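Work through the exercises below with the sequence and the model at hand. Each task is followed by a solution in steps.

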Amino acid sequence: TAFNLCGQRSIFNRVGVDPVSTGNMENPYGITVYPNPSNGLFNVELAADQLENVRLEILDMQGRLIQLEQVGIVNGKLTHQVNLNNVASGIYLVKVVSNDEVISIERVSVQ
């Protein structure tokens, strides 16, 4: 069991998962965030046979929700553009959630 910056619990099947560091987390959905760093506009790409109620939660490094993007159903490859032109430069977390289960947390740098 791991807790994210907001105190929400996620259960993982592997030992030693670091929920903040994206380098140690398995990525079965091929989730990528690009360009990274970005000027505020970036894409989140993922591929899945069937994910329902997908949403992207953009958080600052204190765990505060900055922006919520409802994606819906993912069946195949999806590229979703996020616009953070209205935020200060810095590091943000992109939390990918399906049916209230966190499937990935990625970092993005906005310059």
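**Exercise 1. Find how many bridges join strand 4 to strand 6, and in which sense the two strands run.**

Solution. Strand 4 and strand 6 run antiparallel and are joined by six bridges. Strands here are DSSP E runs of at least two residues, numbered from the N terminus, and two strands pair if DSSP finds at least two bridges between them. The model is predicted: local features need pLDDT of at least 70, side-chain atom pairs count only at pLDDT 80 or more, and totals for chains, interfaces and linings use all residues. Residues are numbered from 1 along each chain as its sequence is written, and side-chain values use heavy atoms, with hydrogens and water left out.

**Exercise 2. Describe the pairing of strand 6 with strand 7, and state why strand 6 is largely enclosed by the rest of the structure.**

Solution. Nine bridges pair strand 6 with strand 7 in the antiparallel sense. Leu93 has Arg107 in strand 7 as its bridge partner. Two residues lie between the strands of this hairpin, where Asn99 takes a positive phi near 50 degrees. Seven of the nine residues of strand 6 are buried, so the strand is largely enclosed by the rest of the structure.

**Exercise 3. Characterise the pairing of strand 4 with strand 5, then the surroundings of His80.**

Solution. Strand 4 and strand 5 run antiparallel, joined by 15 bridges; Phe42 stands opposite Val82 in strand 5. The two strands form a hairpin with five residues between them, and Gly63 in the turn has a positive phi of about 85 degrees. His80 lies in strand 5 and is buried, with a relative accessible area of 18%. Its side chain makes a polar contact of 2.8 Å with that of Glu69 (a pair of N or O atoms within 3.5 Å, one able to donate a hydrogen and the other to accept it; residues adjacent in sequence count only if both atoms are side-chain atoms). Leaving aside neighbours within four places in sequence, the contacts of His80 (heavy atoms within 4.5 Å) include Phe42, Val44 and Leu56.

**Exercise 4. Which residues have the most contacts inside the largest nonpolar core?**

Solution. A nonpolar core is a set of buried Ala, Val, Leu, Ile, Met, Phe, Trp, Tyr and Cys residues joined through side-chain atoms within 4.5 Å. The largest has 21 residues, and Phe42, Val44 and Leu84 have the most contacts inside it. Strand 4 gives the most to this core, with eight residues.

Key: Buried < 20%, exposed > 50% of the residue type's maximum accessible area, 1.4 Å probe, protein only. Helix = DSSP H or I, 4+ residues; strand = E, 2+ residues; numbered from the N terminus.
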